[in-house]
Amino acid sequence: MQRSVNAGILGVGMAVPERVMTNADLEKIVDTTDEWIRTRTGIRERRISSPDETSSTLGAEASRRALAHARVPAEELDMIICATATGDYIWPATACLIQQAIGAKRATAYDITAACSGFVYGLATASAYIQSGQARRVLVVGAETLSKMVNWEDRATCVLFGDGAGAAVLGPCAPDEGVLSSATGSDGGGFEMIILPAGGTKIPITPEVLEQKLNRIFMRGSEVYKFAVKIMGDVCLDALCKANLTPADVSLFIPHQANTRIIEAAASRMGLPPEKVFINLDRYGNTSAASIPIGLTEAVTEGRVKRGDVLVFVGFGAGLTWGANVVRWSRD
Ligand SMILES: CC(C)(COP(=O)(O)OP(=O)(O)OC[C@H]1O[C@@H](n2cnc3c(N)ncnc32)[C@H](O)[C@@H]1OP(=O)(O)O)[C@@H](O)C(=O)NCCC(=O)NCCS
């Protein structure tokens with residue numbers, strides 16, 4: 001009889017652009033203040049990609065680091081799942097560009113379009129492939145260059161986002177470790193709340209479209225805020241329940257980094273003390289699908305994660321989409 005397995009995270013890595021843009025820098029571009037940005041969002045600075053840096057180049061670098069951390073050669077990968085809302089092209093998939101860059105010749109590569117929930121969806125998918133025995137080594141990447149898609153004249157959105165990538169290598173582990181559960185959901189009824197309206201088949205690019213900046217991120221911020229505050233807590237509790245755990249079992253909460261106030265509301269809903277909540281959006285802003293793997297990589301590097309710890313990842317974003325994973329850390 002085949003022994004049941006879970007999918008464990010074997011290694012993690014991240015890559016962010018060198019260029020730092022502070023709130024003071026933004027004060028020179030749009031009508032905003034450091035004080036407004038800090039108090040409303042928690043963000044102090046973010047990283048901005050150079051013209052040569054794309055989601056695939058950052059994603060490939062994060063992937064190389066994750067593979068080195070996992071001690072897994074790229075040739076062993078069966079699958080690459082890239083979560084991105086800012087792919088190099090509409091198609092082909094950014095995952096294929098990463099595959100080529102890292103030399104993962106055997107891997108099936110494709111993208112997930114779930115915006116800021118993309119990494120959580122990717123982890124749920126990778127875990128299902130590994131549990132079913134259809135794949136042994138899966139790379140999940142969250143890679144974004146949102147700075148190339150924001151409207152730099154819209155102060156309500158351009159202050160929020162940043163660029164970066166994070167990656168995780170997954171492989172079989174014992175059934176009581178690794179990804180214990182995932183809970184995901186979507187509501188297409190809210191598709192217009194965060195949207196990149198033009199550039200697809202519905203609104204092709206024309207000079208008028210460019211003039212109106214419809215090829216840039218549009219967001220109804222306060223509606224997204226209300227949705228996020230409710231859904232983050234709900235989906236975490238759902239995922240914990242599926243894993244037969246409670247918030248008291250959580251060692252470290254690594255949420256999507258969109259807004260400190262949203263994170264604090266979710267943490268308080270679960271009764272988590274501040275030391276169990278990972279926050280780095282003060283340094284990176286909202287990096288969409290990259291924020292959770294960047295947070296996880298930093299938490300691991302800082303020694304905040306040890307074998308047996310229960311980690312909760314949660315994301316929400318355009319779609320609308322949301323999801324959470326519960327992971328028992330399986331690395332020494
Ligand atoms: C975007 C967000 C920080 C705005 O905070 P808010 O408290 O809801 O602020 P509002 O949108 O109600 O705007 C309040 C005022 O600040 C102004 N404002 C917006 N952006 C500003 C900025 N960068 N600097 C200064 N003032 C700003 C607005 O114009 C508005 O002014 P008004 O009252 O004169 O009309 C908040 O709604 C948010 O974080 N939403 C969730 C966004 C998110 O997570 N998106 C990503 C999903 S993955």
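This is a predicted model: local features need pLDDT of at least 70, side-chain atom pairs count only at pLDDT 80 or more; totals for chains, interfaces and linings use all residues.
Turned along its principal axes, the set of C-alpha atoms fills a box of roughly 65 × 45 × 35 Å. A compact globule of 332 residues would have a radius of gyration near 20 Å, and the protein agrees with that, because its own value is 19 Å. If you colour by burial, 53% of the 332 residues count as buried, and among contacts with a separation of 6 or more, 79% join residues 24 or more positions apart.

Next, select the ligand and the residues around it. The ligand is surrounded by 20 residues, of which the closest are Thr 32, Cys 116, Gly 221, Tyr 225 and Ala 258. Helix H2 (34-41), helix H6 (155-158) and helix H8 (221-242) are the elements that give two or more residues to this shell, and H8 supplies the largest share, with 5 residues. Colouring the shell by class shows 11 nonpolar, 7 polar and 2 charged residues.

Now colour domain 1 (6-175) and domain 2 (180-328) separately; both give residues to the shell around the ligand, so the ligand lies between them.

Finally, select helix H3, residues 55-70. From its first C-alpha to its last, this helix of 16 residues reaches 22 Å, close to the 22 Å expected at 1.5 Å a residue. H3 is largely enclosed by the rest of the structure, because 13 of its 16 residues are buried. Step just past the end of H3 to Arg 71, where the backbone takes a positive phi of about 55 degrees.

Terms used. Residues are numbered from 1 along each chain as its sequence is written. Helices (H or I, at least four residues) and strands (E, at least two) are DSSP runs, numbered from the N terminus. The expected span of a helix is 1.5 Å times one less than its number of residues. A residue is buried if 20 or more other C-beta atoms lie within 10 Å of its own, exposed if 12 or fewer, and partly exposed in between; C-beta atoms are placed from the backbone. A residue is near a molecule or strand if its C-beta atom, placed from the backbone, lies within 6 Å of it. Ala, Val, Leu, Ile, Met, Phe, Trp, Tyr, Cys and Pro count as nonpolar, Asp, Glu, Lys and Arg as charged, and the others, Gly among them, as polar. Domain bounds come from an automatic or database domain assignment. The radius of gyration is taken over C-alpha atoms; the globule rule is 2.2 Å times the number of residues to the power 0.38. Two residues are in contact if their C-beta atoms, placed from the backbone, lie within 7 Å.
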